[in-house]
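Here are a few notes to read alongside the model.

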Amino acid sequence: MADTNPCPPPCQFPAIDKCRSDGREHDTVVADMDGTLLVGRSSFPYFALVAFEVGGIFRLLFLILAAPLAGLLYYFISESAGIRVLVFATFAGMRVADIESVARAVLPKFYSGDLHPETWRVFSSCGKRCVLTANPRIMVEAFLKEYLGADMVIGTEISTFKGRATGLVNEPGILVAKNKADALQNAFASSPPPDVGIGDRMTDFPFMKLCKESYMVPPNPKVKPLSIDKLPKPIVFHDGRLVQKPSPLMALLIVLWIPVGFLLACMRIAAGALLPMPLVYYAFWALGVRVTVKGTPPPPASKSTGQTGVLFVCSHRTLLDPIFLSTALGRPIPAVTYSLSRLSEIISPIKTVRLSRDRVTDANMIKKLLEEGDLAICPEGTTCREPFLLRFSALFAELTDELVPVAMSNRMSMFHGTTARGWKGMDPFYFFMNPSPAYQVNFLNKLPAHLTCGAGKSSHDVANYIQRTIAATLSYECTSFTRKDKYGALAGNDGTVNHKPGLAPNKAMGC
């Protein structure tokens with residue numbers, strides 16, 4: 001909830017911009033989170049993210065309905081009581097493992113987009129970093145330790161029973177005011193007091209007084225969050241269905257839009273699956289799906305002349321990439337995939353062939369498909385939402401010299417059409433549930449003969465060259481990350497469909 005008690009003038013602590021950041025390599029800093037380390041002063045959006053990602057639309061609706069009561073208590077009765085309502089409405093009955101999964105795979109993307117530049121300047125300059133927050137520790141610890149390098153996270157502890165959250169909190173309760181100061185004293189009982197304390201509201205004063213130096217972060221709606229290029233770690237992989245941080249109004253709009261959006265998605269999917277491919281482009285435009293085509297694609301292969309098909313090498317944004325490639329060409333292009341849900345296979349308007357992950361078997365299958373005509377492949381093996389390209393598998397370069405790179409990009413305003421933790425069968429529905437989703441298909445020049453394996457180049461050189469070419473076209477960055485890196489970080493598995501997700505250590509997340 002938003003805070004109504006910012007530091008009143010005159011303030012007993014100087015503003016954060018008065019704090020020096022040089023020479024603090026051996027200092028210890030303790031900072032609050034909402035309104036201090038983050039620009040936003042409300043934690044509601046992050047509770048809403050957990051509610052939706054774990055509990056779905058009905059849990060999010062329950063949280064929205066509970067929000068007025070939480071606000072009333074927070075503003076007029078007790079800050080602690082208001083946060084307790086949010087905790088109960090969000091967590092009651094949830095599996096702890098699911099909360100931890102969302103905290104690790106979903107929340108860091110939104111937290112990192114809201115870092116306060118002045119607080120981060122001081123916080124990052126100190127040798128030992130501690131965060132003291134009223135937020136549940138289970139929600140914030142993964143982000144703070146993995147991405148901000150926090151050494152200690154002290155937050156509200158939620159109550160659990162047999163692996164599920166009860167919706168209540170453990171003693172001493174919500175960490176606000178005196179509880180914060182007591183928690184800090186207990187944490188530093190055998191250590192010198194922290195050198196720097198940073199807060200943003202009057203209820204932070206008790207813990208700030210325990211620090212050698214203390215600074216306030218005054219509320220300023222004009223402050224812009226730290227730019228993405230200055231983040232301590234770029235976020236390559238993240239999960240979750242929501243594109244935007246759900247403010248109370250946005251959360252309400254999402255709940256109201258989902259029934260309408262689902263019907264619209266069914267219409268769009270039906271148009272793509274039932275209409276002849278030359279008409280799909282126009283049907284999509286009529287239904288609000290924007291498809292932009294750039295470049296000049298090659299003509300279809302001619303079997304009468306014995307010409308083998310062209311292999312379209314695509315960057316991978318969603319499982320719909322081959323469908324929008326076919327839409328742009330006006331003819332169905334078969335695609336090979338690493339894993340696809342049964343529902344997605346049924347509703348697909350194009351032929352999809354699963355790779356077996358056996359190199360010899362897959363090579364023979366791809367060669368056979370190319371003899372029948374053109375083929376699409378996404379050598380990254382999995383999608384990436386951010387402006388990065390994952391490592392290209394080199395197998396495709398060994399099988400044909402007829403290679404056409406295709407730079408795929410898309411735009412979604414409400415829902416992501418990909419998931420690592422959820423059911424992939426809903427991916428096309430979520431993409432088409434966006435009010436006006438857009439795809440851009442950019443056909444690049446066919447790979448010159450002297451750059452192919454037939455001219456003596458290694459398959460890895462060819463794959464890396466195509467990756468760099470597509471990345472340059474999209475202004476993306478090439479990486480060496482793979483499918484296993486992504487799913488190991490986000491879901492604790494290898495990314496195969498129907499594999500039950502677990503919670504493995506997040507060793508690949510810091511990329």
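**Notes on the cavities**

1. Start with α10, which supplies the largest share of the lining of the largest cavity, four residues. Helices (H or I, at least four residues) and strands (E, at least two) are DSSP runs, numbered from the N terminus.

2. Bear in mind that this is a predicted model, where local features need pLDDT of at least 70, side-chain atom pairs count only at pLDDT 80 or more, and totals for chains, interfaces and linings use all residues. Residues are numbered from 1 along each chain as its sequence is written, and side-chain values use heavy atoms, leaving out hydrogens and water.

3. Searching the whole structure turns up three cavities of 30 Å³ or more. A cavity here is a set of points, on a 1 Å grid over the protein atoms alone, where a 1.4 Å probe fits but cannot get out; lining residues have an atom within 4 Å of a point. Volume is the space filled by probe spheres set on the points, with points joined across faces, edges and corners.

4. The largest cavity holds about 460 Å³ of space. Its lining has 36 residues, and His316, Thr318, Leu319, Leu320 and Leu340 are the closest to its centre.

5. What about the second largest cavity? Its volume is about 140 Å³. Among its 16 lining residues, Asp34, Glu79, Ile83, Ala134 and Arg201 are the closest to the centre. Two or more residues each come from α1 (33–37), α3 (79–91) and β2 (128–136), and β2 gives the most, with three.

Conventions
1 Å grid on protein atoms, 1.4 Å probe; cavity = no way out; pocket = protein on both sides within 12 Å on 5 of 7 lines; lining within 4 Å.
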